[in-house]
Amino acid sequence: MKRTNWFWPIWIGVTGLLCGLLYQFAPASPLRLLAALLFLLVSPGMSLIPLLRLSDWMHELMLGIALSLTLEALLAAAALYAGAWHPGAVLWSLIGLSLSGAALQLWQVRRTIRKVLPASQKEPV
């Protein structure tokens, strides 16, 4: 796996877990605002956009930000209309969605490596 293939899954995991832990254990921390901004602005969209394998990283980032904001609005509206509005539940749902997308990215890259490389050059399992 190339280093660039690991960047977004690691970013999503670190920012998602940091945001969730700060939400649970540091309610009045200014660091919580920064972690939430870093996670909510980029991570949900960038968990899914790299699966499209676009050629330009700038297009990926812009689509990722737009998709992040869209997913957050849709999830919040669905929770509100369902009568189950709770900011923590929406946040943890977004973290779960983002981590699932990151896992899909890793699976996609692993599958591509197995198809492209001959058996002697494959990474060990």
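Trainee: What makes the pattern along the protein chain α-α-α-α?
Mentor: In this predicted model, local features need pLDDT of at least 70, side-chain atom pairs count only at pLDDT 80 or more, and totals for chains, interfaces and linings use all residues. Residues are numbered from 1 along each chain as its sequence is written, and side-chain values use heavy atoms, leaving out hydrogens and water. Helices are DSSP runs of H or I with at least four residues, strands are runs of E with at least two, and both are numbered from the N terminus. The protein chain has four helices and zero strands, so its pattern reads α-α-α-α.

Trainee: Why is a residue called buried?
Mentor: Because its relative accessible area is under 20%, using a 1.4 Å probe and protein chains only. Of the 125 residues here, 30% count as buried.

Trainee: What makes the set with Cys19 and Phe39 a nonpolar core?
Mentor: A nonpolar core is a set of buried Ala, Val, Leu, Ile, Met, Phe, Trp, Tyr and Cys residues joined through side-chain atoms within 4.5 Å. The largest one has eight residues: Cys19, Ala36, Phe39, Ala79, Val90, Leu91, Leu94 and Ile95. Helix H2 (30-46) and helix H4 (87-116) each give two or more residues to this core, and H4 gives the most, with four. A second, separate core of six residues includes Trp8, Ile12, Val42 and Met46.

Trainee: How do you know that Leu91 touches Tyr23?
Mentor: Contact means heavy atoms within 4.5 Å. Not counting residues up to four places away in sequence, Leu91 touches Cys19, Gly20, Tyr23, Phe39 and Leu40, so Leu91 and Tyr23 are in contact by that cut-off.

Key:
Buried means under 20% relative accessible area, exposed over 50%, partly exposed in between (1.4 Å probe, protein chains only).
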